[in-house]
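Subject: Structure handover and findings

Dear colleague,

I am passing on the structure below, followed by notes on what was found in it. Please read the notes with the coordinates open beside them.

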Amino acid sequence: MHLIQVDSVQRWMEDLKLMTDCECMCILQSKPISIEKDEPNELILSSQYSTCDNLQLLLKRAWIISTELTRIAQKLEKNRWQRVHSVTVRVNCHVRSMMNEYNTLTRSSSEEMHQLEKLLVDKCSEFTAFTERCLQTEDEELLKSMKSCVNDTLTTVAQYFGQLIELVLTQEAQNLLRQIELSGSLYVTESAISSLFSLAQEGAHLCRIIAKEGGVVALFKICRQDGFRCLYPQTLRTLASICCVEEGMHQLEKVDGILCLADILTDTSHSEATHAEAAAVIAQITSPHLTFTQHLSSFLENMEEIVTALVKLCQEASSGEVFLLASAALANITFFDTMACEILLQLNAVKMLLAACSDKRIVDTPYSRDQVVTILANMSVLDQCGSEIIQGNGVQLLMEMLFEKSCSGNPAEAAACERVQQKSAVTLARLSRDPEVAEAAVKLSCIPRLIKLCRSPTERNNSDSVLVACLAALRRLAVMSPDGLEDSDFQQLVKPRLVDSFLLCTNMEESFV
């Protein structure tokens with residue numbers, strides 16, 4: 001869950017209310033707290049909370065319970081029975097509070113859910129009583145024999161809890177999808193899609209639940225109705241989130257989702273925002289990190305018109321964000337079929353990308369430059385690409401990218417800068433088989449920069465992948481221009497086997513003289 005990734009103090013502040021409610025419930029033996037007139041009560045939630053708020057509250061409570069169950073297992077391992085019992089009491093109260101809150105807010109649940117709730121509450125009560133008996137026992141041998149029973153009970157509580165959360169989230173997804181499918185109201189549909197998007201942001205497991213319940217089908221149905229055009233961007237953004245899992249991809253294939261995306265991208269009557277979100281879905285489903293690629297067969301059938309539309313979107317992008325989404329989609333497409341690179345070459349995409357890089361308003365981050373250099377690196381396998389690069393002053397751009405460095409210290413940005421350096425070196429290495437490109441690179445002092453990246457770990461942010469790419473580019477340029485290297489550089493970075501030069505550079509200490 002992304003809840004774990006937020007600032008720890010913020011996390012504690014958000015959890016504080018739930019924890020203090022839990023202590024109140026402990027004192028009152030889990031009896032509900034009555035509402036006093038004109039006095040706010042944090043435990044009983046008002047009906048003004050939206051579905052999204054309800055889900056967030058449920059997920060936070062579930063996260064706390066999961067954390068506490070893990071803590072019980074850790075304390076049990078160390079035989080800290082006092083802590084085991086106190087945390088068990090807290091879990092018991094949290095479980096009751098969670099069910100009380102959820103039932104108050106939804107006022108409707110299935111028979112299966114009632115049965116699971118009863119099983120979980122009974123098992124939690126049994127667990128609390130059991131740990132209390134262990135606390136009162138001083139016989140070490142007896143405690144050892146009871147420990148396995150406590151472990152089994154803990155496992156059962158965790159199992160029932162997992163099943164209940166799965167059922168609750170499934171029911172919530174079903175309710176939202178029912179609203180999307182049955183409501184003709186823009187307001188209700190927009191609200192349901194917004195809640196579905198929030199649910200999808202909670203991680204891959206939630207996306208699987210939504211996909212299994214028909215979320216992809218329902219959302220593409222919206223994207224095929226002109227009456228909901230104003231909701232297309234929001235709907236497509238939700239689709240991009242759900243299609244990060246295999247179940248989402250299967251659903252997309254079943255409803256001819258790629259054809260629908262192609263129609264949206266090529267329809268000039270749609271807004272730029274709609275085109276950008278459609279590009280985001282394309283970027284998601286063509287990600288090279290995905291291991292499932294069954295959907296790509298239908299993608300190939302529509303590739304030419306999709307690539308053409310994405311190039312146009314890059315060319316006409318009004319902001320850096322739009323360019324980033326469209327170029328990311330193009331970059332991913334170039335990974336799985338060389339036909340995409342040939343189409344890009346025919347569309348003069350190299351000239352367009354190089355021109356965009358000179359516009360700091362459009363290509364304004366290392367993330368955008370990463371997408372551009374990815375496309376150039378994949379296109380550089382084509383012989384005709386070299387002349388296009390030369391004509392657009394692309395060697396100069398690749399040289400500049402070798403100096404890419406993060407100013408903010410942000411880890412994600414630093415990683416993007418490493419990718420830019422690595423891919424620009426790879427592109428230079430591939431293109432330098434063309435003597436004209438190699439000559440231009442030598443004239444622009446690429447060789448000294450590549451040597452610096454090899455010899456200075458801080459210049460490449462200690463990245464091994466950048467080092468390998470720079471060694472490869474340096475060796476290619478050294479063949480074309482051996483006079484550009486000093487003898488020591490040639491002996492250490494070019495003459496040995498690549499692996500020996502790599503080991504030499506990774507063990508090299510920087511000189512601060």
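The chain exposes about 24500 Å², of which carbon and sulfur atoms supply 51%; accessible areas come from the Shrake-Rupley method with a 1.4 Å probe, and for residues only the protein chains shown count as cover. Please note that this is a predicted model, in which local features need pLDDT of at least 70 and side-chain atom pairs count only at pLDDT 80 or more, while totals for chains, interfaces and linings use all residues. Residues are numbered from 1 along each chain as its sequence is written, and side-chain values use heavy atoms, with hydrogens and water left out.

Of the 513 residues of the chain, 50% count as buried, where buried means under 20% relative accessible area, exposed means over 50% and partly exposed lies in between (1.4 Å probe, protein chains only). The chain has 26 helices and zero strands, these being DSSP runs numbered from the N terminus (helices H or I, at least four residues; strands E, at least two). Among contacts between residues at least 6 apart in sequence, 74% join residues at least 24 apart, a contact being heavy atoms within 4.5 Å.

Helix α20, residues 394-401, is mostly covered, with six of its eight residues buried. The buried residues are Gly-394, Val-395, Leu-397, Leu-398, Met-399 and Met-401, and they pack against α17 (349-357), α18 (366-379), α19 (385-391), α21 (411-431), α22 (435-443) and α23 (446-455).

The largest pocket has a volume of about 500 Å³. A pocket here is defined on a 1 Å grid over the protein atoms alone, as an open set of points where a 1.4 Å probe fits, with protein on both sides within 12 Å along at least five of seven lines, and lining residues have an atom within 4 Å of a point; grid points are joined across faces, edges and corners, and the volume is the space filled by probe spheres set on the points. The largest pocket is lined by 18 residues, of which Ala-283, Gln-284, Ser-287, His-289 and Asn-332 lie nearest its centre. Two or more lining residues come from each of α9 (232-242), α12 (272-285), α15 (320-336), α18 and α21.

Thr-235 is found in helix α9 and is buried, with a relative accessible area of 0%. Leaving aside neighbours within four places in sequence, Thr-235 is in contact with Ile-193, Leu-219, Ile-222 and Cys-223.

The structure holds zero disulfides, a disulfide being a pair of cysteine sulfur atoms within 2.5 Å. The sulfur of Cys-243 is too far for a bond, because the closest cysteine sulfur, in Cys-244, is 8.2 Å away. Cys-470 is likewise in no disulfide, the nearest cysteine sulfur, that of Cys-454, being 5.2 Å away. Cys-243 is buried at 0% relative accessibility, and Cys-470 is buried with a relative accessible area of 0%.

Asp-256, in the loop between α10 (246-254) and α11 (257-266), has a phi near 55°, a positive value in a residue other than glycine, and counts as partly exposed at 47% relative accessibility. Ser-445, in the loop between α22 and α23, has a positive phi of about 65° although it is not a glycine, and counts as partly exposed at 37% relative accessibility.

With best wishes
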